[in-house]
Structures are given as C-alpha cells and as structure tokens.
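Good morning, everyone. Please have the sequence and the model open while I talk.

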Amino acid sequence: VPFTSRSTGDVVTHFWDFGDGTASFDQNPSHEVTMPGTYDVKLVVSGDTQCSDSVEVRVTIHPPVIAEFDRREEVICNGDSSGLLSLDVISGSPPYDFDWSHGRNTPVVDRLTAGTYRVSITDREGCKFQAEATFTETSPLTAVPTVTEVTCANGADGRIALDIDGGTRPYTVDWGDGMSDGDATGLFAGAYNLTITDVNGCNLQVPATVPENPLIVVNDSIQQISCFGETDGAIRFRSISGGVPPYRINVIGTDYNESALGISRFDGLAADFYFIEVIDSAGCILDYDRQIIEPDPVSVDIIEDTISIILGEEVTLNTVFNADDPTFLWTPSEGLDCADCAEPLARPLSSRTYLLSMFGDRGCPDSDEVHIEVNLGREVYIPNTFTPNADGRNDVFRVRTQFEKSVDAIEFFHMRDRWGQLLFAAEDFPPNDLSFGWDGRFNGTRVVPGYYVYQARVRYVDGETKELSGSVRVFY
C-alpha cells in the first residue's frame, strides 16, 4: 500500500511510524507497505527550520486473492466431456465469487470438453484473481473396414480388415466373440458391430456387413424313359442362377459320366440314380440327386401259340396283356373280324402266322405270334351202295363230309342211269343234308336194283372246287 504525504514548506525529513515497531527516515514523501495487516501510521514531517508537523491514520491492508487448481481431470477421448477443474482458494477474504468463461460459478466445474477455460475470483473486498486452464484432446478414432465377401453361400471365409487411425495406440478390437488386435477371418455372412478401443479406453463402434454370393439355384426337369429297356431319359437344366456364372455341370451315373460348360440338356440316360454337381466359377458347388425311372415292361401274350382248325372253322385268339389303354395291330388282317382289337375272331382259309403288335399308352410296344394250322378238309364221302327201302338206314344217297364248314356248297349233284338219263338233280346245297339227297326214285317210282352213275361238284369256302363222279349200286 503506498503512503504519500502532501506538505508545505521545505521539508527536510519524513518520519514514518507504522506502529509495528518499525520506523523509517527518508527524504521521500511516500512509503509503500506490502504486508497485509492493520497499521496505525504516524508521519512526522520536519523542515529545515526545525519546524515539524505530524499526522496519524489507521490503515488496513487486506490479503490478496490467491488460488490454485488442486484437481484436474483431463479430456481423455476426442469429443468427450470428461474434463474437470477444482479451485482451492488459499488467500483472500471470503466469501468468493467465481466467474468462469463458460458461464459456471462454482469452484469445481466438470463435464468439460477440449478448450481453454478462464476464471475470475472476487472476494468480499473486491479483490480479484484470474486463472486459466487448457484441455487438449487426441485426434478422433477412425476405422475404415475393408470387407471380403463369403465366396459360397453359407460358407465361412468372409474377412474384415480394419484401417484404424486416431486415438492413442495400441488398439484392441472386440469382434463380438473375442478380442483381437488384427483382422477377422473365417466369417459367416451377416452384420457385425465392432468395438475399437485405444490404450486410453476410448472406443469407436464400427458396423460392417459381410455379404455372400447368392445360393446357386437350379431349375431342372426330368424326361423319364419312354419304354422299358430304352435309354431315352434326359435331364434338362432350364435355368441356373446365383453363385458366380458361368457354371459347369457334372452328371454322374453308374455307367455315365458327363461334364460340360454351358450345356443345358443331357440325353441318352438309362434308368439310374444320377449325382449332379453344379459348380460356379468361384468353385462353389451345389450337388443333389435325380432319378431316371423306366416304366414296367409292356407285355402281351397270345394264350395259344399254335392252333389247329379245319377249313371254314373260326377261333377266338385269346390274349392277356398288362398295358393301360393299349392299341392293337394284327398282321396280316386277312381272315380276322378285326385287326385292331384285343381278341379277334380268326377264320383263315389257309395256314398262317398272325403277329400281334400292342402299344401301351406311352407307345411302348410288345408283340406275340400265333400260328393257325388249317386242315383244308377236302375229304368228301359218297357211298358206293345204298338201300332206299325205308328201313331208316342208308335210305338217301347224298354227298357226305365230316368237314361241313369247309364246304361252301355242293354246286350240283346229278344221278343218271347207265344210258345217261337224268334221274335226279340238286344244285347249291349244303353237304350231309338229307333233303338234297336221292331217295332212289324217278318220277315217284323206285328204280330197279342195279348200278347208277352220279356226278357232283363241291365248292369249298376257300373258292376251290372238286369234281366227283362214280357209280353206286342200288338194292333193296
């Protein structure tokens, strides 16, 4: 505290007495006291004439405001508000007012971010003290993920590589299932939330998604074998998607192994299980099985392989078969009442072999044969004697045969005497018929015993004819 006197006259000395046992003589009209306290100050001023004057005053010097930061917590992570400052006022006259540059008014301020903070402290006497503190922060943590996709769908060869900067090294990375300071490999496709932490505990959340090539999807169709024993099965690949084109297809069976790039159809397949591999350009494989099946064998059987009939007879060709909705073809068709039915009625005019071809509902064939042996039955019997005596035995002379069905008709039958006179005539009649025979009479009168001449022509059902002539003895 400076003390200054104002006096008149020629002052020679100033005697300062501060009442604390100290005194001072000097020529200066002013004096300075720096120690706080209360002083009873007396000043005696003497002139060269030995005249003097004095004055007394009580002076109080208050202590200065002095403070220091007794606690400081740094801003650790970029962007954090973890800073703290605490002031300890060690000198001054309480109470104190605190005026911070960011608007706070307490001796302790927290939640501070990086920057410079100034404070002004004022005590009750109006004495002031000023201080400032600066917080710095590290550069922000940054991370750029480089993602490698999963090569094959549902695989686990994805990779995330991190380019980390900022913060304070070294870093650790929490991958969700363990800690690491490097890249992550062997990953499945999916979303990952990575936590990067530096040595100060500052962390950064980094989301990353590992994609994968889409699943290989095949749309194929099967052409089953048309008929038993054939090798016309096929596998057609209508479309292939997913993976990484182009695709190689392997088709493997018991006796079949084909591989091709860009082929969409594999033909000539027999009944079997086939192992199929579809391999894309990344080496991803889709494998599965397909079965080529064949229908049951179509079977037709003519029950009798050989049939014997007499000319003019007919026989049903009985068959058994296993096809659904079959069609039939008999060759040749001559002598059959139908050529496209299952069991025709056969009436051949000569021995022949018939071939039956059957086709199932898918056109699958089978066949069988039957041989029909035809006995032409040309035998015709005309007796050499007859007795028209009305005894019920051998009373009518007629054309006889045991093969009636072989004969179409007796074209004519004539009886004459030895001189050529016509005694009896019949035309176009069946054999063995008594009503068309000669009863041994001429003009209602029995002929005399003796030999008579006959002539006849037989026409068979196959168009052949046979001339008959001879003599017969009539007696009673």
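C338 counts as buried, because its relative accessibility is 18% and the limit for buried is under 20%. Keep in mind that this is a predicted model.

How many disulfides does the structure hold? Four. A disulfide is a covalent bond between the sulfur atoms of two cysteines.

Let's take another one. C77 is joined to C202, with an S to S distance of 1.7 Å. Which hand does the link of C77 and C202 have? Left-handed, with -95° about the S-S bond. Now find both ends in the chain. C77 is in the loop between strand 7 (66-73) and strand 8. C202 is in the loop between strand 18 (190-197) and strand 19 (203-210). That puts them 125 residues apart, so the pair links distant parts of the chain. Are these two cysteines buried or exposed? C77 is buried, at 11% relative accessibility. C202 is buried too, with a relative accessible area of 5%.

Next, C152 and C284. Their sulfur atoms are 1.9 Å apart, and they form a disulfide. The S-S torsion is about -90°, so this link is left-handed. Where do the ends lie? C152 is in the loop between strand 13 (142-148) and strand 14. C284 is in the loop between strand 25 (272-280) and strand 26 (285-292). The pair therefore ties together parts that are 132 residues apart in sequence. C152 is partly exposed, with a relative accessible area of 24%. C284, by contrast, is buried, at 6%.

What is the pairing when the bonded cysteines are numbered in sequence order? It reads 1-3, 2-5, 4-8, 6-7. One more cysteine for your notes: C127 is partly exposed, at 24% relative accessibility.

**Charged pairs**

Side chains of opposite charge can pair when their charged atoms come close. The structure holds 17 salt bridges. I will show you some of them.

Start with E73 and R71. Their side chains meet in a salt bridge, 2.4 Å from N to O. Both partners are partly exposed: E73 has a relative accessible area of 31%, and R71 has 42%.

Now R159 and D183. Here the salt bridge is 2.8 Å, N to O. R159 sits in strand 14 (residues 158-165). D183 sits in the loop between strand 16 (179-180) and strand 17 (184-187). They are 24 residues apart, and the pair links distant parts of the chain. R159 counts as partly exposed, at 33% relative accessibility. D183 counts as partly exposed as well, at 35%.

The next pair is R457 and E467. The closest N and O atoms of this salt bridge are 3.0 Å apart. R457 lies in strand 40 (residues 450-460), and E467 lies in strand 41 (residues 465-474). So the pair ties together parts that are ten residues apart in sequence. R457 is partly exposed, at 28% relative accessibility. Which residues share this network? Salt bridges with shared partners join D408, E411, D428, R457, R459 and E467 into one network.

Look at strand 33 (residues 352-359) and strand 34 (residues 365-375). They run antiparallel, and eight bridges join them. Pick out L355: its bridge partner in strand 34 is E369.

**One buried serine**

Last stop, S93. You will find S93 in the loop between strand 8 (83-91) and strand 9 (97-100). Is S93 buried or exposed? Buried, because its relative accessibility is 5%. What does S93 touch, leaving out residues up to four places away in sequence? The contacts are H62, P63, D123, R124 and E125.

Notes. Residues are numbered from 1 along each chain as its sequence is written. This is a predicted model: local features need pLDDT of at least 70, side-chain atom pairs count only at pLDDT 80 or more; totals for chains, interfaces and linings use all residues. Side-chain values use heavy atoms; hydrogens and water are left out. A salt bridge is a side-chain nitrogen of Lys or Arg within 4 Å of a carboxyl oxygen of Asp or Glu. Buried means under 20% relative accessible area, exposed over 50%, partly exposed in between (1.4 Å probe, protein chains only). Helices (H or I, at least four residues) and strands (E, at least two) are DSSP runs, numbered from the N terminus. Two strands pair if DSSP finds at least two bridges between them. Contact means heavy atoms within 4.5 Å. A disulfide is a pair of cysteine sulfur atoms within 2.5 Å.
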